[in-house]
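Please read this note with the model open beside you.

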Amino acid sequence: MKSFLNVLIDVASTPAILVALIAVLGLVLQKKATSDIFRGGIKTFVGFLVVTAGAGVVQASLEPFGEMFKVAFNMQGVVPNNEAIVAIALTKFGTSTALIMLIGMIFNVLIARFTRFKYIYLTGHATLYMSCMIAVILSVTGFTTAPLILLGGLALGIVNTLSPAILQPFMKKITGNDTIALGHTGGVGYALSGLVGKLFGTKSKSTEDINFPKGLAFLRDSTVSITITMGIIYIIVALFTGSSYITENLSGGTNYLIYALQQAGTFAAGVFVILSGVRLILAEIVPAFKGISEKLVPNAKPALDCPIIFPYAPNAVLIGFFSSFAGGIVSMMIMIFSGGVIIIPGVVPHFFCGATAGVFGNSTGGLKGAIFGSFIQGILISFLPVLLMPVLGNLGFADSTFSDADYGIAGIFLGGLSSIGGKTAVIIGIMLVLAVMLVLAVMFVLTYMKKNKNTEVIK
């Protein structure tokens with residue numbers, strides 16, 4: 001039984017397999033030809049592997065940058081990193097995390113089926129990390145065995161349904177349609193970036209409409225502009241870090257400036273791979289998901305990982321990263337002067353969350369929206385970890401913590417309820433959120449019926 005459960009968890013936490021199976025299910029429900037089913041499943045599988053490979057390349061190029069930054073400016077503190085904190089937590093909370101993840105995915109489908117929130121969360125690794133955080137907080141609160149699993153699964157299902165829901169108005173503006181949603185743990189930060197962008201209205205030019213002088217027209221190619229920009233940044237940080245540290249600890253003897261340029265090019269290559277994989281996924285998953293929408297969850301939308309929107313505004317991706325990282329540096333300075341815990345900007349979360357926030361800010365406020373929206377998002381994901389750490393029990397004193405905005409909001413909400421009224425308050429709080437979602441669903445149905453003057457029950 002345990003080995004079977006482990007297989008299920010491995011499938012659910014591997015986005016390429018999970019989404020490929022979803023695509024196959026959708027095509028089967030549409031009664032497509034066997035050849036079409038195989039083609040759709042395999043191309044979706046390969047597309048996600050391409051995106052994952054690209055993300056791995058980007059992350060691998062950013063890790064030495066983060067190390068160089070800490071050495072260059074002599075910074076010590078907590079570095080938010082989801083992979084690191086989850087790896088520590090799973091040694092103690094592995095079983096409860098796995099079961100919460102499984103139950104949470106079931107609740108997500110049920111909520112999507114019976115409410116107006118028609119979002120199926122397909123980002124497996126993000127679901128695993130959120131499950132882990134929920135398992136930690138509920139365990140610290142005192143929940144064990146079945147109550148821990150069921151309540152944790154319900155909380156996860158609610159989070160994974162609401163996060164795409166609050167982002168969908170912005171997603172429709174970004175993509176120009178209502179066929180896909182965003183399933184990532186930075187949802188609150190992205191929505192905030194979109195709202196900040198609205199402050200600038202439509203007067204600001206889009207990041208994608210930046211007019212370069214004729215001699216600099218080549219910068220409109222995102223691969224070229226990313227390589228040049230990151231090359232400059234890497235070299236500046238490398239100069240502050242010093243040749244000896246880089247050649248002895250990072251580059252394996254390669255000249256430190258050559259190494260910096262190589263990492264900048266690797267970063268750009270990773271982004272290029274991500275964009276290619278995203279285009280491949282979108283070509284397959286959207287048509288395949290139609291079967292699930294028609295048969296199992298009417299009007300369902302697949303909520304996919306954040307790189308899914310990078311092709312819609314490549315310039316905003318880079319601008320968002322830099323602005324978010326700047327927000328992290330400003331936040332770090334405030335923490336240094338105010339005392340207490342210091343959150344060192346994690347380059348990986350600031351890239352993925354900042355880049356996504358930049359696209360959202362650009363969709364509502366153009367260039368200014370991308371800059372200021374992602375900057376505010378960068379501040380948000382710097383201070384939320386500070387507030388989250390106390391509710392994680394002993395795990396809160398590790399050298400790392402959860403980074404993205406949704407971890408902070410969900411964790412602080414659950415931890416706050418626990419501190420107010422223990423287990424009872426947590427149960428009531430989760431049930432109240434679910435009740436509000438059901439009430440909104442009923443109101444939506446009644447409004448629809450009244451608008452269409454139809455008393456027939458909507459299936």
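1. Keep in mind throughout that the model is predicted.

2. The patch is made by Ile 17, Leu 21, Phe 38, Ile 42, Phe 45, Val 46 and Leu 49, and its area is about 610 Å². Two elements give two or more residues to the patch: helix 2 (15-29) and helix 3.

3. Leu 21 sits in helix 2. Is Leu 21 buried, partly exposed or exposed? Its relative accessible area is 49%, so Leu 21 is partly exposed. The cut-off for exposed is over 50%.

4. Next, the charged pair. Side chains of opposite charge can pair when their charged atoms come close. The structure holds one salt bridge. The partners are the side chains of Lys 301 and Asp 178, at 3.6 Å from N to O.

5. Where do the two partners lie? Lys 301 belongs to strand 3 (residues 301-304), while Asp 178 is in the loop between helix 6 (145-175) and strand 2 (181-182). The pair therefore ties together parts that are 123 residues apart in sequence.

6. Lys 301 has 12% relative accessibility and so counts as buried, because buried means under 20%. Asp 178 has 34% relative accessibility and counts as partly exposed.

7. The lining of the largest cavity consists of Pro 80, Ile 343, Ile 344, Pro 345, Gly 346, Pro 349, His 350, Ile 381, Ser 382 and Ser 403. Sorted by class, this lining has six nonpolar residues, four polar residues and no charged ones.

8. The second largest cavity is lined by Phe 48, Val 51, Val 278, Ile 281, Asp 305 and Ile 308. Five residues of this lining are nonpolar, none is polar and one is charged. Helix 3 (34-72) and helix 10 (256-295) each supply at least two of the lining residues.

9. One element deserves a second look.

Definitions and conventions: Residues are numbered from 1 along each chain as its sequence is written. This is a predicted model: local features need pLDDT of at least 70, side-chain atom pairs count only at pLDDT 80 or more; totals for chains, interfaces and linings use all residues. Side-chain values use heavy atoms; hydrogens and water are left out. On a 1 Å grid over the protein atoms alone, a cavity is a set of points where a 1.4 Å probe fits but cannot get out, and a pocket is an open set with protein on both sides within 12 Å along at least five of seven lines; lining residues have an atom within 4 Å of a point. Ala, Val, Leu, Ile, Met, Phe, Trp, Tyr, Cys and Pro count as nonpolar, Asp, Glu, Lys and Arg as charged, and the others, Gly among them, as polar. Helices (H or I, at least four residues) and strands (E, at least two) are DSSP runs, numbered from the N terminus. Patches are made of residues with over 30% relative accessible area and no salt bridge: like charges are joined within 9 Å, nonpolar side chains (Val, Leu, Ile, Met, Phe, Trp, Tyr) within 5 Å. Accessible areas come from the Shrake-Rupley method with a 1.4 Å probe; for residues, only the protein chains shown count as cover. A salt bridge is a side-chain nitrogen of Lys or Arg within 4 Å of a carboxyl oxygen of Asp or Glu. Buried means under 20% relative accessible area, exposed over 50%, partly exposed in between (1.4 Å probe, protein chains only).
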